[in-house]
Amino acid sequence: MSRKPELRGRAARLARLLPAGAGQAARTPFVLLVVVLLGGGLIGLLVLNSALSEGAFRLDDLQRDTKSLTDEEQALQRDVDAYSAPDALQRRARELGMVPGGDPAFLDPDGTVKGVPGGPAQQSSARAPMIPAPEVLAPQPRRSPAPSPASTAQPSVTAPSRQVPAPSTQSPTTPGR
């Protein structure tokens, strides 16, 4: 057996208060606790750092997508602006065979006409292409084997004619009606 020096007096009383061999046993759980806390902290920092990096990469991808979609939106807006410009609308209307309208005439409730109607024939129709009405494009039943020269000419587009009464000499605003 190992021989321990015998303690006397005050040291002996303190030695009795402390259990023998307790100094070595108390250090092990403390060291394990410190190692576990440090390891957990490092692992937590690693997870936090990778989550932040992943968020930064996702943010970069979303910003790139936003920029490309914004560029596409601006290109489409330029196309819409180009198609809705007045000269482009006028050109497209001519391609479709539309002609500018003339001056309107108005009918009073009693049937008299106010104003002089001005049709598209009064305006410059040399620029407008002649596109036949849908009724003209429909196949016609053959009446005679030899077509007449008038029927081979290209038909012109005209509005159906209506009988409009001639303007009266009496002003429509005169009282007494």
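Trainee: How many salt bridges does the structure hold?

Mentor: Happy to start there. A salt bridge here is a side-chain nitrogen of Lys or Arg within 4 Å of a carboxyl oxygen of Asp or Glu. By that rule, the structure holds five.

Trainee: What should I know about the model itself?

Mentor: This is a predicted model, where local features need pLDDT of at least 70, side-chain atom pairs count only at pLDDT 80 or more, and totals for chains, interfaces and linings use all residues. Residues are numbered from 1 along each chain as its sequence is written, and side-chain values use heavy atoms, with hydrogens and water left out.

Trainee: Which residue forms a salt bridge with Arg64?

Mentor: Side chains of opposite charge can pair when their charged atoms come close. The closest N and O atoms are 3.0 Å apart, and the partner is Asp60.

Trainee: Is Asp60 buried, partly exposed or exposed?

Mentor: Buried means under 20% relative accessible area, exposed over 50%, and partly exposed in between (1.4 Å probe, protein chains only). Asp60 has a relative accessible area of 37%, so the word for Asp60 is partly exposed.

Trainee: Which residues are linked with Asp60 in a network of salt bridges?

Mentor: Arg64 is already known to us as a salt-bridge partner of Asp60. The network links Asp60 with two residues, Asp61 and Arg64.

Trainee: What is the N to O distance in the salt bridge of Lys67 and Asp71?

Mentor: Lys67 and Asp71 are also in helix H2, four residues apart, so they are separated by about one helical turn. Lys67 counts as exposed at 53% relative accessibility, whereas Asp71 counts as partly exposed at 37%. Their side chains meet with an N to O distance of 3.3 Å.

Trainee: In which helix do Arg92 and Glu95 lie?

Mentor: The side chains of Arg92 and Glu95 meet in a salt bridge (3.2 Å, N to O). Arg92 is partly exposed at 47% relative accessibility, and Glu95 is partly exposed at 48%. They are three residues apart, about one turn of the helix, and that helix is H3 (residues 86-95).

Trainee: Which residues make the nonpolar surface patch of about 470 Å²?

Mentor: Patches are made of residues with over 30% relative accessible area and no salt bridge; like charges are joined within 9 Å, nonpolar side chains (Val, Leu, Ile, Met, Phe, Trp, Tyr) within 5 Å. Val31 is in helix H2 (residues 22-83) and is partly exposed, with a relative accessible area of 46%. The patch is made by Phe30, Val31, Val34, Val35 and Leu38.

Trainee: Which residues does Val116 contact, leaving aside its neighbours within four places in sequence?

Mentor: Val116 sits in the loop between strand S2 (113-114) and helix H4 (134-137), and its relative accessible area of 65% makes it exposed. Its C-alpha atom is 5.6 Å from that of Ala105, eleven residues away along the chain. Taking contact as heavy atoms within 4.5 Å, Val116 touches Asp103, Pro104 and Ala105.

Trainee: What share of the 177 residues in the chain is buried?

Mentor: Burial follows the cut-off of under 20% relative accessible area. The share of buried residues is 3%.

How values were computed:
Accessible areas come from the Shrake-Rupley method with a 1.4 Å probe; for residues, only the protein chains shown count as cover. Helices (H or I, at least four residues) and strands (E, at least two) are DSSP runs, numbered from the N terminus.
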